[in-house]
Amino acid sequence: MKITDHITNAKGKTLFSFEIIPPVKGHQIQQLYDNIDPLMEFNPPFIDVTTSREEYVYIDRDGLLDKKLTRMRPGTVGICASIKHKYDVDTVPHVLCGGFTREETEYLLVDCHYLGIDNIMALRGDAMKDEKYFQPTKGGHMYAVDLVKQVHELNCGNYLHETVDSDNCGDFCIGVAGYPEKHLEAPSLKSDLKRLKEKVDAGADYVVTQMFFDNQKYFEFVEEAKKMGITIPIIPGIKPIAVKRHLQLLPQVFRIDLPQDLIDAVDDCKSNKDVRKVGVEWAIQQSKELKAAGVPVLHYYSMGKSDNIKAIAEQIF
């Protein structure tokens, strides 16, 4: 079922969903199941599965370093299919511009359609670790809006090199990212909202926001998006702080602000176990306020661990 259909069928009830990261290669999927199992009691209608782009490794060949591409995590589509089969829940694979040609993207979408995966999250993706700025893969997309356009065209039966006349073409529900505090590369929030509007006009069906820790920034973002003519669901993304290092890491990586009350509470913690409790309590209060405001879904970034997400969900759902 499409994410938008899940939201419609909920008739105003706030739904619970979460995002997982595939384990690094060399690990089996049971590790993933062990983290999903405790969250299934809250009846998530869908689970997002991230995609990691390729990385460079250097192999020593007789004293010379040979630069090779590798992927550190197994395929997202296969994991989505496994989760869908095991839990009978919709899965949302993240589809990236970075690391994929247009043809590879089409193959991935064909596989998703074949497996009955009805939703995808269309993202540009991050720059590679040794790149200061994002560089598109040769033959790939530069911007998420171009990826949205490709998916929309496939939904119409228009493939890259042919048109398929079929009553069973892809009909993907397309999710895109939104940034309540603007994308780190955007010159302003207004210009970032214009980019979001372009993705909506290209065929996006719903938005999931980047993490934020001040609900007012989400509410203001939704209001400004409406003024821009964006009327599709905007799902808030929530991440509980888990370690003291997040005070430096999250603003550095995601260019977000942390409320001073949260900073002070984390600074007062004696251990990361205490930090985890603070993060859970803060996320609970965020979630309660957002739910009271009638958000369609509360979407949690689990980062491969479920104990803190379970503690939050127990208080909200």
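1. Basis. The model is predicted: local features need pLDDT of at least 70, side-chain atom pairs count only at pLDDT 80 or more, and totals for chains, interfaces and linings use all residues. Residues are numbered from 1 along each chain as its sequence is written, and side-chain values use heavy atoms, with hydrogens and water left out. Helices (H or I, at least four residues) and strands (E, at least two) are DSSP runs, numbered from the N terminus.

2. Sheet order. Nine strands form an open sheet with parallel pairing, in the order β9-β8-β7-β6-β5-β2-β1-β11-β10. The edges are β9 (234–235) and β10 (237–238); each has a single partner strand, so one side of each lacks a neighbour in the sheet. Two strands pair if DSSP finds at least two bridges between them.

3. Helix on the sheet. Helix α11 (residues 307–316) packs on the sheet and touches β1 (15–20) and β11 (297–301). The direction of α11 makes about 165° with that of β11. Axes are lines fitted to C-alpha atoms, for helices over the stretch in contact, and angles run from 0 to 180 degrees between N-to-C directions. Contact means heavy atoms within 4.5 Å.

4. Strand β11. Five of the five residues of β11 are buried, that is, under 20% relative accessible area (1.4 Å probe, protein chains only). In a regular strand the side chains alternate between the two faces of the sheet. In β11, Val297, His299 and Tyr301 point one way, and Leu298 and Tyr300 point the other way. The parallel pairing of β1 with β11 runs over five bridges, and Phe16 stands opposite Leu298. β10 and β11 also pair in the parallel sense, over two bridges, with Ile238 opposite Tyr300.

5. Three bridges join β2 to β1 in parallel, and the bridge partner of Phe18 is Ile47. Strands β6 (residues 119–123) and β7 (residues 173–178) run parallel and are joined by three bridges; Asn119 has Cys173 as its bridge partner.

6. Helices α9 and α10. The axes of α9 (residues 260–267) and α10 (residues 272–292) come within 9 Å and cross at roughly 155°. This makes α9 roughly antiparallel to α10, a label for angles over 145 degrees. The contact is made by Asp261, Leu262, Ala265 and Val266 of α9 and Val275, Val278 and Trp282 of α10. By class, six of these residues are nonpolar, none is polar and one is charged. Ala, Val, Leu, Ile, Met, Phe, Trp, Tyr, Cys and Pro count as nonpolar, Asp, Glu, Lys and Arg as charged, and the others, Gly among them, as polar.

7. Helices α7 and α10. Helix α7 (residues 215–227) and α10 have axes that come within 10 Å and cross at roughly 30°. That makes α7 roughly parallel to α10, the label for angles under 35 degrees. Asn215, Tyr218 and Phe219 of α7 meet Gln285, Gln286, Glu289 and Leu290 of α10. This contact has three nonpolar, three polar and one charged residues.

8. Gly170. Gly170 lies in the loop between α5 (144–155) and β7 and is buried, with a relative accessible area of 2%. Leaving aside neighbours within four places in sequence, Gly170 is in contact with His113, Leu154 and Asn155.

Definitions and conventions:
Parallel < 35°, antiparallel > 145°, perpendicular 65-115°, else oblique. Buried < 20%, exposed > 50% of the residue type's maximum accessible area, 1.4 Å probe, protein only.
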